[in-house]
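Hi,

Here is the structure I promised to pass on to you. Have a look, and then read on for what turned up in it.

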Amino acid sequence: MAASASPAASPPRRRHSHHDDESPRRRKRRASPSPPRSPSPGADADRRRRSRASPPDPDRRRDAKPSEEKENGHAKPARDEEGDGRPPRRARVSDGEEDGNRRRRRARVSDDEKEDGRRRRRTRDSDEERDDRRGKRDRERDIRRRRRRSPSSESGSSPDDRRRRRHRRDDGSRRRDDRRRRGDDRDERQRNPERREPTPPLPPPPPLLPEMIPGRTGGIYIPPFRMAQMLREVEDKSSPEYQRLTWDALKKSINGLVNKVNATNIKNIVPELFAENLVRGRGLFCQSCIKSQMASPGFTDVFAALVSVVNTKFPEIGRLLLVRVVLQLKRAYKRNDKPQLLAATKFIAHLVNQVVAHELVALELLTVLLENPTDDSVEVAVGFVKECGAMLQDLSPQGLHAIFERFRGILHEGEIDKRVQFLIEGLFAIRKAKFQGFPAIRPELDLVEQEDQFTHEISLEDDLDPETNLNVFRANPNFVEDEKAYENLKRSILGAESSDDEEGSDAASDDEDEEESDEEEDEEQMEIRDRTETNLVNLRRTIYLTIMSSVDFEEAGHKLMKIKLEPGQEMELCIMLLECCSQERTYLRYYGLLGQRFCMINKVYQENFEKCFVQQYSMIHRLETNKLRNVAKFFAHLLGTDALPWHVLAYIRLTEEDTTSSSRIFIKILFQELSEHLGIRLLNERLNDPNMQGSFESIFPKDHPKNTRFSINFFTSIGLGGITESLREYLKNMPRLIMQQQKPESSESESSGSESGSESSGSGSSSESESESSSDESDRKRSKKRRKRT
């Protein structure tokens, strides 16, 4: 019996199932069954880790069942050696229990784990497919490369190619193994959520305390109401916390005032700026001005004007800003930072214009820039001279002359770019025009008298201290005393202005009622006017299109008369007609007939064409030869048809001094057209009309023989000498007329001499006889000369 009960002699009969070929992990699970629901996922994970650490032992598992049967008090019967015996009923029940336990273990697998397994398999399959596709593409690409490289080797493959393909396969399998390993780790983390460490919540923000505000960056943004509340809550006014709060408020106020200053509100910004503690915030003020000027160089003159006003009350602030700008310029010059260099030189130029910086600073800067000229340095120097050249011309003309001589030498050397050479030539033209368009100080920014200004003279070679510690907050043990001292200084600076403001407010309050009543009346009489001249442009467009689209002058006149013109717009029609005529390649009689029609219809157009004649003759030197010819023929047509009165010729003065080449060409074409229209005989009659002689005196001058000869020679040279016959007669008789004019003068002098010389009658009679004899001799000589000529 003992031999039959031992497990080695007769092992118990087991039912064969497909679970006998399971993996060691499953055997381990079957060997140590667990309850249907584990009390905690942590324990299950620990049990799983222990099972992985210690692999199952099949012999140990076989020996476990007999021992359990002996502990329960039952001996399991052994199977007969022949094999015809059946196991007892209890053994069959234990097999069923084992199957039930196995089914329960399968049911314990959660749906999430099944889904993760399926997802992992799909991911693995997709990764394998992707790797296969990538490997296939790589192989095809290599095949194409080999074919391109050596067409003869298409059939076979070399050992290098086989080795390369083997390495690619190994790399692909290695990448697939890595992806599978990463997927297993990810699934394990998802299966065991207790291993994830929850992220701790963010700590609450610290309370907003003054001591927490950092030092240099300006700190956390504090709303204004919160800042005021914190200032009220601080009891110790000399504490570092309170000083820090006032420092931040001072910095924000100065930055805001500097950023919003412009040419129109600078007079209002200056009192507000003086109301802040500029002695304490002088570093902040300089820093804000430099940053704002760098951001917007177009407002450099405004910032310079603001600095000039502050410099009159606090010269150390003006010097500190000038020192920092010079250091910024030197730093930009060493780094070849052109934008920063341009901004710094422009700031220095306007400080020189405001007499904050000495002119020697500008001359030294120009000397440094032009010592070793490059394209950029010369361009910067040209811009600098444009900004402050007008002031240097007044303060140091010899120094500016030396700078321009250096510019001239650079231009003659020709080693710089053409563009920079053109800049230098433009600078010479600006200097010739006395820097028109580049004023030193705009009128609205001329706020300080030169006598009240403090001028600072520094050198570029000096060791300058920018005093950057003034930009950072420092606790001041004498804070309260300094604040009181600045309050007294502020009253002394703004006292007169505040009193003036109070008086002005009283006067303004008295005048408010009158202004309100006046405004009500003005609103009733207000008219909306278009200052953009849109209507005028549209009118000109309509007139132009009408003139250019008409077939003849009658159609054009009919259409133009239909245009509704407001009073005063008739001049626009005359100007457009003259402009269209001047733009033609050759003169068209169409425009002359159209102008003649309008002059005949309304006298207003006749007066407007007279104004156009005067205006065109005054600007005749601006017209090209073709336009000048067309305009002259247009007015000749109006004069020849009496559409324009001839007294407009009184504006022309034909002398050598009063005419130019363009005006002489205009007069030539005008009179030649008139002679073709009227003929030389009728033109001569018109010009000799006694009623019109006052209008023609300027064309045929008789005031001086020189002007008379010039007029005669001019008309003779253009082939119209026939209209100068009367002028020639006048020139021939001019000596006789001069003598006749001198005789009454001499008789008047004789009568005055006889009255005054009654006491010396003897001497007077002798002088009269001598004068008579001399006059007789002169008459004889003239008669002899006439006889010789004849």
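Predicted model: local features only at pLDDT ≥ 70, side-chain atom pairs only at ≥ 80, totals over all residues.

Next, the backbone. Most residues other than glycine have a negative phi. K434 is not a glycine, yet its phi is positive, about 60 degrees. F435 is not a glycine either, and it has a positive phi of about 55 degrees. You will find K434 in the loop that runs between α18 (418–432) and α19 (479–525), and F435 is in the loop between α18 and α19 as well. Are their side chains buried or exposed? K434 is exposed, with 72% relative accessibility, whereas F435 is buried, at 5%.

Finally, the cysteines. How many disulfides are there? The count is 0, taking a disulfide to be a pair of cysteine sulfur atoms within 2.5 Å. For C289, the closest cysteine sulfur belongs to C286 and is 6.7 Å away, so it is too far for a bond. C580 has its closest cysteine sulfur in C581, at 8.8 Å, which is also too far for a bond. C289 is buried, at 0% relative accessibility, and C580 is buried too, at 4%.

Best wishes

Conventions:
Residues numbered from 1 in each chain as written. Heavy atoms only, no water. Helix = DSSP H or I, 4+ residues; strand = E, 2+ residues; numbered from the N terminus. Buried < 20%, exposed > 50% of the residue type's maximum accessible area, 1.4 Å probe, protein only.
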